[in-house]
Amino acid sequence: QVKMVFPDLPKAFDGLRILQISDLHLGSFGTNREPMREAVDLINAEKPDMVFFTGDLVNNFAGETRGWEEILDKIKAPMGKYSILGNHDYGDYTTWPTPSRKEANFKSILSANRRFGFTLLRNESVDIEKDGQKIALSGVENWGHPPFPQYGDLEKTWNETSDASFKIFLSHDPDHWEAEVMGKKEYDLALAGHTHGMQFGVSVGNFNWSPAKYKFKRWAGLYNEGNQFLYVNRGLGYLGMPARIGMPPEVTVFTLKKTEEAVV
């Protein structure tokens, strides 16, 4: 649960509940549907207004998405479910017999996002409207420091952004925020994933440690520079090591308020 105050938040959105999930990596679950079914129950119990999925639906292959419709389509959010792509969603980590096979796999992953009820944002921005007021939502394709791919086109995305007083930015890799957003583009809140917190760490009181800190400057939780904020979700699924040690899966619920006094 993360409660945040933004004076520029339009009054119509005071109290907005945004839920973030990231890094599902459906292929890692095989035929075991129960963990994700439990997660969806937890998500819906929070009654979010909007749900954002910040990438890595699969490990590599579109076939990993088969049979998940009955679970992921049940995620409810009256103001919309939005998703972006992560580095694993392009099929770049396997060898394909032909370019056309890779392209077909990619197109199937795109369609899976739609099958699950998500509006996929690919270097584009949309307005979210309520009671005649609006906030802007931008989502880019994956952008990371090498060797991670840079498919994201922030300039195109930013140029589509409206004059809304409050702007949210979705990008899978948290390094993108410092590289192209922080102090350069006026996004109030950015959401990322990607790190998994390395699926290993120690958290005692205010002390948090993970080997992820040696690879990513911002690897889990809330960060800010001035009035711009970044939240890094440590992921709901797993990759490689079939475990999480001291770094449990995460569903993040943001409550956005316009004034400090209204936060409860």
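**A salt-bridge network and its surroundings**

Modeller: Start with four residues: Glu 178, Lys 217, Arg 218 and Glu 225 are linked in a network of salt bridges. Keep in mind that this is a predicted model. The general idea is simple. Side chains of opposite charge can pair when their charged atoms come close.

Look at one pair in the network. The side chains of Arg 218 and Glu 178 form a salt bridge, with 2.5 Å from N to O. This pair links distant parts of the chain, 40 residues apart. Arg 218 sits in the loop between β11 (207-209) and β12, while Glu 178 belongs to helix α5 (residues 175-181).

Is Arg 218 buried or exposed? Its relative accessible area is 7%. Buried means under 20%, so Arg 218 is buried. Glu 178 has a relative accessible area of 30%, so it counts as partly exposed.

Now compare with other pairs. By the rule used here, the count comes to 15 salt bridges. One of them joins Glu 34 to Arg 37, at 2.4 Å from N to O. Both residues lie in helix α1 (residues 34-45). They are three residues apart, which is about one turn of the helix. Glu 34 is partly exposed, at 47% relative accessibility. Arg 37 is partly exposed too, at 28%.

Another salt bridge joins Lys 156 and Glu 160. Their closest N and O atoms are 2.9 Å apart. Lys 156 has 38% relative accessibility and counts as partly exposed. Glu 160, at 37%, also counts as partly exposed.

Next, the strands. Which sheet does β12 belong to? Six strands form an open sheet in the order β6-β7-β8-β9-β13-β12, and the pairing is mixed. β6 (124-130) and β12 (221-225) stand at the edges. Each has a single partner strand, so one side of each is left without a neighbour in the sheet. Neighbouring strands of this sheet are turned by 20° against each other on average, direction ignored.

Strand β9 (residues 189-192) and strand β13 (residues 228-232) run parallel and are joined by four bridges. Find Leu 191 and look across: its bridge partner in β13 is Tyr 231.

Finish with strand β14 (residues 252-257). Six of its six residues are buried, so β14 is largely enclosed by the rest of the structure. In a regular strand the side chains alternate between the two faces of the sheet. Check each face of β14 in turn. Thr 252, Phe 254 and Leu 256 are buried on one side. Val 253, Thr 255 and Lys 257 are buried on the other. Both faces are covered.

What pairs with β14? Strand β1 (residues 2-5) runs parallel to β14, and four bridges join them. Strand β2 (residues 16-21) pairs with β14 in the antiparallel sense, over five bridges. Thr 255 is the bridge partner of Lys 3. Thr 255 is also the bridge partner of Arg 17.

How values were computed: Residues are numbered from 1 along each chain as its sequence is written. This is a predicted model: local features need pLDDT of at least 70, side-chain atom pairs count only at pLDDT 80 or more; totals for chains, interfaces and linings use all residues. Side-chain values use heavy atoms; hydrogens and water are left out. Buried means under 20% relative accessible area, exposed over 50%, partly exposed in between (1.4 Å probe, protein chains only). Helices (H or I, at least four residues) and strands (E, at least two) are DSSP runs, numbered from the N terminus. Two strands pair if DSSP finds at least two bridges between them. Axes are lines fitted to C-alpha atoms, for helices over the stretch in contact, and angles run from 0 to 180 degrees between N-to-C directions.
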